[in-house]
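Hi everyone, thanks for making time this morning. I'd like to walk you through one model, so please have a look at the screen.

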Amino acid sequence: MAIPHSTRNHLLAALSPPDYGLLEGHLTRIEFAVRQTFEEANKAVEHVYFPEDGIVSIVAKSRHEQAEAGIVGREGMTGIPIVLGNDRWVNDTFVQVPGYGLRISTSDLRRALAESADLRDMCLRFTQSFIAQTTQTALVNARGSVGTRLARWLLMAHDRLEGDELPLTHEFLALMLGVRRAGVTTALQKLESDGLVIAKRGAIHVLDRAGLIRLADRLYGIAEAEYRRLIPGSRFGSDKD
């Protein structure tokens, strides 16, 4: 089935018609299930995914610990090692919020990247924006309060999902923020009392995005601005403001 260039994935939509054409015949639209594994640490990556809805987490792991290093949604792609000329890395990549998107084999993507310097440049631009996200995550984890970190993460999820209802559990947020579940519950209660969100069973409804941005205290927005700078025509991170 041919995939229209009006795809909801921002990175694919930013490609020129010739570059998109190099990928189009190899893209397959699939649904993403919760906890579906896309990449395993130290194992060769077989497919690259371009989400159109949902959230994919890149998780750093040690023998006994794990924490989220970054997320990808409709703004980008998985398969960072492939873009960088390798075939694997030390992180796990799996679906945290279900959705759908497009899949291509690593061999087909490699051939397309070898054929077009412009396509390779666009994928590297996304990779740079993803690095900006991970460095900002390191900063906020070192300097931000649990409430500030939670506000930033909710904004990042809001950017990548349709509507204002975020299908996120307390357990999931605790893993992503690297804190105890009780800490997430306390922080969410404060956001609710301030009228910023409504926490439901298995979901969080965003009421006041501008208020969350103020609470994030400039720890949200730098990576999103970098993405907009690097990806021509994108309004990612500002299209809901």
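D217 sits in the loop between α9 (209–216) and α10 (222–230). A word on the naming: helices (H or I, at least four residues) and strands (E, at least two) are DSSP runs, numbered from the N terminus. D217 is not a glycine, yet its phi is positive, near 55 degrees.

N42 is another non-glycine residue with a positive phi, about 65 degrees. You'll find N42 in the loop between β2 (37–39) and β3 (47–61).

Some housekeeping before we go on. This is a predicted model, where local features need pLDDT of at least 70 and side-chain atom pairs count only at pLDDT 80 or more, while totals for chains, interfaces and linings use all residues. Residues are numbered from 1 along each chain as its sequence is written, and side-chain values use heavy atoms, leaving out hydrogens and water.

Now the whole chain. It has 10 helices and eight strands. The radius of gyration, taken over C-alpha atoms, is 18 Å, close to the 18 Å from the globule rule (2.2 Å times the number of residues to the power 0.38) for 241 residues, so the chain is as compact as a globular protein of that length. Along the principal axes, the C-alpha atoms fill a box of roughly 55 × 40 × 30 Å. Buried residues account for 50% of the 241.

What about the inside? A nonpolar core here is a set of buried Ala, Val, Leu, Ile, Met, Phe, Trp, Tyr and Cys residues joined through side-chain atoms within 4.5 Å. The largest one has 30 residues, and W153, L154, L168, L173 and L212 touch the most other members. At least two residues each come from α6 (146–160), α7 (170–177), α8 (181–193), β8 (203–206) and α9. Which of these gives the most? That is α6, with seven residues.

Let's zoom in on W153. Counting contacts as heavy atoms within 4.5 Å, and skipping residues up to four places away in sequence, W153 touches I55, E68, I71, L168, F172, L173, M176 and L177. Apart from this core lies another, of 29 residues, including Y20, V83, L109 and I231.

That's my tour, so over to you for questions!

Technical notes
Buried means under 20% relative accessible area, exposed over 50%, partly exposed in between (1.4 Å probe, protein chains only).
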